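Student: I have a model open and would like to learn how to read it. Can we go through it feature by feature?

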Amino acid sequence: MHKIYGTLMLVFVMTVFAGYSGRLKRLICAVFFRKREKRRVLYLYNETLRKRTAFFRYMKQKVSKLARENKLSEDLDVFLMLRLKFPALFGWLVWFSCGRRKCLICGELETIAGKQYGCNTVGCVYIHCEQCWKDVGVCYACSDTFNKEEDEYNLEADITTDSYVDTDY
């Protein structure tokens with residue numbers, strides 16, 4: 001009986017500490033192979049930057065397409081319109097998800113306290129969550145960037161290599 005519980009306990013301990021042993025292995029290798037660790041860290045940094053820039057280029061393109069097609073206004077539902085037009089009567093709708101606005105980029109619902117970020121353009125009802133507003137800093141729905149024709153919009157102009165770190169030695 002003790003052998004069964006002992007075996008199960010050993011499996012449990014190995015499962016719990018498997019992640020820590022992988023980190024310890026990486027740490028030991030980093031001590032002995034410093035150049036390799038530096039290349040690994042730089043690769044991970046550059047990969048994170050590349051994915052982040054690609055995501056925001058994709059979101060810019062997606063939101064610009066929606067803005068050009070005027071489909072952004074279709075996302076507003078009846079409950080939200082009642083809350084926005086008659087806040088004295090229907091302000092209580094903020095307690096329900098159907099009465100809250102969504103971040104234009106990531107789709108996160110606004111908080112009940114109303115913490116949101118957006119542009120100062122009159123008539124623009126779109127908001128951004130705190131993280132998206134810090135990253136983007138401009139309202140994509142009413143920005144002049146998306147009033148260009150398809151031929152004029154150049155994605156290559158948005159790519160910056162200022163923060164790219166070369167990993168070759």
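**A buried glutamate and its partner**

Tutor: Start with one link: the side chains of Glu-110 and Arg-83 are joined by a polar contact of 2.8 Å. A polar contact is a pair of N or O atoms within 3.5 Å; within protein, one must be able to donate a hydrogen and the other to accept it, and residues adjacent in sequence count only if both atoms are side-chain atoms. Before going on, note that this is a predicted model: local features need pLDDT of at least 70, side-chain atom pairs count only at pLDDT 80 or more, and totals for chains, interfaces and linings use all residues. Residues are numbered from 1 along each chain as its sequence is written, and side-chain values use heavy atoms, with hydrogens and water left out.

Student: Where in the fold does Glu-110 sit?

Tutor: Helices (H or I, at least four residues) and strands (E, at least two) are DSSP runs, numbered from the N terminus. Glu-110 lies in the loop between helix 4 (87-90) and helix 5 (130-136).

Student: Is Glu-110 buried or exposed?

Tutor: Buried means under 20% relative accessible area, exposed over 50%, partly exposed in between (1.4 Å probe, protein chains only). Glu-110 counts as buried because its relative accessibility is 3%. Arg-83 has a relative accessible area of 13%, so Arg-83 is buried too.

Student: Which residues does Glu-110 touch?

Tutor: Contact means heavy atoms within 4.5 Å. Not counting residues up to four places away in sequence, Glu-110 touches Arg-83, Arg-100, Arg-101, Gln-116 and Ile-127. With neighbours within four places in sequence left aside, the contacts of Arg-83 include Phe-90, Leu-93, Val-94, Arg-100 and Arg-101.

Student: How far apart are Glu-110 and Glu-130 in space?

Tutor: They are 9.9 Å apart, C-alpha to C-alpha, and 20 residues apart in sequence.

**The whole chain**

Student: What is the secondary structure of the protein?

Tutor: It comes to five helices and zero strands. Along the sequence the pattern reads α-α-α-α-α. Of the 169 residues, 21% are buried. Take contacts between residues at least 6 apart in sequence: 45% of them join residues at least 24 apart.

Student: Which residues have the most contacts inside the largest nonpolar core?

Tutor: A nonpolar core is a set of buried Ala, Val, Leu, Ile, Met, Phe, Trp, Tyr and Cys residues joined through side-chain atoms within 4.5 Å. The largest one has 13 residues, and those with the most contacts inside it are Cys-103, Leu-104, Ile-105, Cys-132, Val-136 and Tyr-140. Helix 2 (34-68) and helix 5 each supply at least two residues of this core. Helix 2 gives the largest share, three residues. Look at Val-136: leaving aside neighbours within four places in sequence, Val-136 is in contact with Phe-56 and Ile-105.

**Rings and cysteines**

Student: How many aromatic pairs does the structure hold?

Tutor: A pair of aromatic rings is described by the distance of the centres and the angle of the planes. Rings of Phe, Tyr and Trp (its six-membered ring) pair if their centres lie within 6.5 Å; planes under 30 degrees apart count as stacked, over 60 as edge-to-face and the rest as tilted. The structure holds four aromatic pairs. One of them, Phe-17 with Tyr-20, is tilted because the planes stand at 50°, with the centres 6.1 Å apart. Both residues lie in helix 1 (residues 2-32), three residues apart, about one turn of the helix. Trp-92 and Phe-96 form an edge-to-face pair, 6.2 Å centre to centre, with 90° between the planes.

Student: How many disulfides are there?

Tutor: A disulfide is a covalent bond between the sulfur atoms of two cysteines. The rule asks for a pair of cysteine sulfur atoms within 2.5 Å. The count comes to zero. Cys-129 is buried at 12% relative accessible area, whereas Cys-29 is partly exposed at 39%.
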